[in-house]
Amino acid sequence: MSEELLGQLDRLEAEGREAIRRADTPDDREEVRVRFLGRKGRLTGVLRQLGTISPELRPVVGARANEVKEALSELIDAASAKADYAGAEEPIDLSLPGRRPWQGGRHPVTLVVEEICEIFRELGFVRAAGPEAETTWYNFTALNIPLDHPAADMHDTFFLGKDVVLRTHTSPVQARVMETHEPPIRVVVPGMVYRRDPFDASHAPGFEQIEGLAVDEGITFVDFKATIRAFVERFFGPDTKTRFRPSYFPFTEPSAEVDVGCQICGGHGCSACKGTGWMEIMGAGMVHPAVFENVGYDSDRYTGFAFGMGPARIAMLRYRIPDIRLLYESDVRFLEQFA
Ligand code: DAH
């Protein structure tokens with residue numbers, strides 16, 4: 001009896017193949033599919049008789065039925081595809097070049113971070129890193145920022161717990177590096193920092209900073225100025241003007257903000273520099289003795305300088321990007337311009 005069913009399947013397959021060969025139109029092919037493979041078609045007819053054979057043989061016939069079904073559906077699909085191709089209004093141009101896979105590129109901020117770290121590497125600085133979830137001790141207290149001081153408020157901190165924050169700047173890594181290393185120290189620290197600022201054209205709740213720190217015996221303000229000047233010349237070009245403006249940070253004394261001649265108007269004054277001809281690129285200064293004492297350094301013996309800059313802002317100056325949000329939206333149409 002099972003032989004009988006297998007024979008039926010062989011005939012069904014042979015006749016199906018022949019019918020597909022003769023089916024010229026989509027309608028014909030659909031008719032063949034229904035007649036052979038449809039719910040009330042011939043294959044179903046064979047399967048209905050499975051009950052009449054012994055249970056051990058049913059899997060054999062069932063497997064063969066599946067094979068026939070797949071063979072015939074594939075043939076029908078192939079015949080349709082072939083007809084579509086031949087029937088296309090314009091023949092396919094096989095000489096057209098293939099589509100290239102999309103190639104990723106490096107993010108503009110990454111490009112700036114790499115370039116800045118490379119310049120400082122040439123000046124003798126190595127890279128260091130620290131945690132993004134930071135204790136209030138390292139983020140504030142060790143840096144001479146009392147927790148009840150307005151400077152701590154100013155940072156609009158994300159608290160993760162009573163004494164744990166998302167770091168609001170990369171400066172805490174200064175303290176971590178000094179705690180674990182003896183001078184001489186020369187490090188740069190690129191990394192993400194976080195502040196409770198809503199997104200607008202010039203603010204983002206998370207952004208990059210690069211911290212710098214040099215500590216040794218006998219480091220002076222002159223070393224600080226010369227190092228920053230050397231950096232500006234390499235990064236912005238040898239003709240770029242540099243200006244050190246007095247400022248205040250709790251962890252440096254004296255403190256300065258460093259400006260460079262406006263990269264957009266060349267110093268004449270434009271909307272980008274608000275008419276001043278200058279653009280601020282970093283906060284900096286001589287490390288405050290209290291910071292040295294907090295990490296266990298002898299503040300009579302050692303001096304140093306530190307600086308912190310925002311590579312996203314610097315990327316905006318360099319590439320004339322008008323809105324910081326473009327840097328954090330991951331829109332490929334924007335990003336691929338930098339690849
Ligand atoms: N940490 C400061 C900020 O986030 C930037 C800064 C200023 C870093 C002066 C420094 C420094 O190392 O000396 O705004």
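Arg-229 is partly exposed, at 25% relative accessibility. Glu-233 is also partly exposed, at 33%. In this predicted model, the two side chains meet in a salt bridge, with 3.1 Å from N to O. Both residues belong to helix 9 (residues 221-236). They sit 4 residues apart, about one turn of the helix.

## Other salt bridges

Side chains of opposite charge can pair when their charged atoms come close. The model has 22 salt bridges in total. One of these joins Arg-42 to Glu-15, at 2.6 Å from N to O. This pair links distant parts of the chain, 27 residues apart. Arg-42 lies in helix 3 (residues 42-48), and Glu-15 in helix 1 (residues 2-22). Arg-42 is partly exposed, with a relative accessible area of 31%. Glu-15 is partly exposed too, at 39%.

Glu-67 and Arg-64 form another salt bridge, with an N to O distance of 2.9 Å. Both are in helix 4, 3 residues apart, about one turn of the helix. Arg-64 counts as buried because its relative accessibility is 17%, below the 20% cut-off.

## The ligand and its shell

The shell around the ligand holds 15 residues. Those that come nearest are His-169, Ser-171, Arg-195, Gln-209 and Glu-211. By class, the shell has 5 nonpolar, 8 polar and 2 charged residues. Strand 5 (206-216), strand 8 (278-287) and strand 9 (303-309) each contribute at least two residues to the shell.

For Glu-211, an N or O atom of the side chain is 2.6 Å from a ligand oxygen. For Arg-195, a polar side-chain atom lies 2.9 Å from a ligand oxygen. For Gln-174, the distance from a side-chain N or O atom to a ligand oxygen is 3.0 Å. On its own, the ligand has 360 Å² of accessible area, and the protein covers 90% of this.

## A nonpolar surface patch

Tyr-85, Ile-92 and Leu-94 make a nonpolar surface patch of about 370 Å². Leu-94 lies in the loop between helix 4 (58-87) and helix 5 (108-122). Is Leu-94 buried or exposed? Leu-94 is exposed, because its relative accessible area is 73%, over the 50% cut-off.

How values were computed:
Residues numbered from 1 in each chain as written. Predicted model: local features only at pLDDT ≥ 70, side-chain atom pairs only at ≥ 80, totals over all residues. Heavy atoms only, no water. Near = heavy atom within 4 Å. Polar contact = N/O pair within 3.5 Å; in protein donor to acceptor, adjacent residues only side chain to side chain. Areas by Shrake-Rupley, 256 points an atom, 1.4 Å probe, with all protein chains shown as cover. Nonpolar A, V, L, I, M, F, W, Y, C, P; charged D, E, K, R; others polar. Patch = residues over 30% accessible without salt bridge, like charges linked within 9 Å, V, L, I, M, F, W, Y side chains within 5 Å. Salt bridge = Lys/Arg side-chain N within 4 Å of Asp/Glu carboxyl O. Buried < 20%, exposed > 50% of the residue type's maximum accessible area, 1.4 Å probe, protein only.
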